[in-house]
Amino acid sequence: MNQKLPEILSPAGDKECFFAAISAGADAVYLGLKEFSARAKATNFDIKELISLSEFAHLKNVRVYVALNSLIYEDELTRIFYYLEELDKFVKPDALIIQDPGLLNLIHKNFDFEVHISTLANVSLASSFNFLKKFGVQRLVVPRELTIDEIKYLSQNCGDVGLEVFVHGALCYGVSGRCYWSGMLGAKTGLRGECVQPCRRSYRFNNVKGKYFSCRDLSLDVLIKILMKIPQVVSFKIEGRKKGPHYVYYITKAYKILRDNINDSKAKKFAMELIEMSLGRPTTHYFFLSHRKYTPIDPHTESASGYEIGKTFVSKGKVYIRPKIDLMAGDRIRISYEDKKGHNIIKINRFVKKGKKYSLNIKTDAGQPVFLIDRKESKLVEEINKLKREWLKIDSNKGKYKYYTQEVKPRNPRINPKKFRQPIVYLTVYRDASKVKRSKKGSKGIWVFDPDFNPGFLSKDTWIFLDPVLWPEDEDRWRRCINSLISKGIKFFIFNSLFHASLTPLDSIYAWVGPFSNITNSEGLNLAFDMGFKGAVLSPELKDINLLADIVKASPIPLGVFVKGLWPYTISRTKHEEIPLKTYIYSPKNEPMWMDRLYRNYYLFPKKEINLMSKIKSLKNAGFKLFLEFSGNPLP
């Protein structure tokens, strides 16, 4: 919090990008290990590499943040503990970036790392900072969906916790940490860094086809001047999923120029030219300006990354291009778009002067757009190689390091006798309060998505299921809503984020952690127990019955599981105007889905519900006490 200017924080998915960021003047870099990173498909690093790379960065006055921002499964807790010990003993990173609540608990009780909470944790309430401070969190990466007014509101309540704001890079359609789309359609969960990006594909409805969920890149560019007036904003973060060194260098350089020359019009113009040549997607300010919010989607215009350098033409049966810029040996270009006819990626094998004819040696139609998607300019390559040579002098001494292999003592499950006295409960959660009164079977719950919820009479055994995404502007209203329900005798609540527990004291109610809280291990359950939660519904990302049984044994509180109903693919804060609500939309593989609006959020639901009722007996035998069903999601 002492720095005068926000740091420029750059991505480093591999060593080339690491050195490109340093060369461009980054104040800090963030990178992932081979495991437990939310960018699992990036090259990433092992501990041995990080030892010397971190030492080298520190010699250059560049901070190193290690992203361990994946969900951690129960059988991975011992391995992640080893990684933490090795990072602590050898690498000495300046901070760890995490999303998993269990990892927060593990670090807080065993280590002294600086901790930054990832945007995937979806912390969006000002009152949550009291919780973050209690667990020693020094920084919060705010959700990309926030407006400048919401960021200012958080800054007034964050105290000593610094705010990190994304200023450039890819936008997810779904709210940070609330997207299950990839896992449900392709068994590759985004919360584990495996996202296959289903939002980038073409979808159709009523015989209309378009990329209705594919977002442009975020670019705050000159608007960072507004952020610089907020002293609690300590970091400008650049997103760079699998980006090359060219992108990292250009974008880092651009934002450094914008930050350091905020009132210099010539410097701004040069920085904008660098951004244009960074080979990213078309850009948007998204929701940043409260009075000028942009839907970041243009479904009938391709939003793939790259700088368009011309179109193909055919002469005597051969395909050519006349590039509108000079091309260099080693440049990678893309012909057409990934899901279009004629799509191809080729590497340029020689220098090509602007406007000169160049044969592409492929078969495709004339008129196809051609994009420069990656390059390594000789000057940048030379600078990277120079830094590499300096680093190798340090790296040659890495043989003196040995992995820390001390055995970790087994973590004994915490004993809580009340856990075993919990009766088995079948809970049906409705979106419509009137359905609760008419239903006669099992326990009843209401999904409350509007803070002005006022149902009149409710029986005192009704469970209140709070919406998983709450925004800063509604915080006071949510607090009044919860306290009003408590005053009417309601005591059963399901909070769909650990951080939402800051809205009311838990000691006077019977509160469970909900399935959207993404708890996947016993350390997260220990944290929930310490906070005062009486039980927890595990994340539906957990699909292995043996793994579930292991968590039950190690949990200090009774556990529940989602067994029936429509689980959303994703929750978003935006929707393209052409997409109608409650109308079937079809994926490229003809999978039907539909959208609904619940107060401020848009939910994308599959047509087919999850149904694990045949597994109830096995789940009971494993020790589960609460079985959760969603009802009242009317299909189109």
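Helices α2 and α11 sit oblique to each other, a label for angles that are not under 35 degrees (roughly parallel), over 145 (roughly antiparallel) or 65 to 115 (roughly perpendicular). This is a predicted model, where local features need pLDDT of at least 70, side-chain atom pairs count only at pLDDT 80 or more, and totals for chains, interfaces and linings use all residues. Residues are numbered from 1 along each chain as its sequence is written, and side-chain values use heavy atoms, with hydrogens and water left out.

Two packed helices are described by the angle between their axes and the distance between the axes. Here α2 covers residues 47–59 and α11 covers residues 378–395; they pack at about 120°, axes 9 Å apart. Angles run from 0 to 180 degrees between N-to-C directions, using lines fitted to C-alpha atoms over the stretch in contact. Helices are DSSP runs (H or I, at least four residues), numbered from the N terminus.

So who touches whom? On the α2 side you'll find Ser52, Leu53, Glu55, Phe56 and Leu59, meeting Leu387, Glu390, Trp391, Ile394 and Asp395 of α11, where contact means heavy atoms within 4.5 Å.

Now the cysteines. The disulfide count is zero, a disulfide being a pair of cysteine sulfur atoms within 2.5 Å. For Cys17, the nearest cysteine sulfur belongs to Cys172, 19 Å away. Cys17 is buried, at 1% relative accessible area (buried is under 20%, exposed over 50%, partly exposed in between, with a 1.4 Å probe and protein chains only). Cys199 has the sulfur of Cys195 as its nearest, 6.1 Å away, and Cys199 is buried too, at 12%.

Key
Helices (H or I, at least four residues) and strands (E, at least two) are DSSP runs, numbered from the N terminus.
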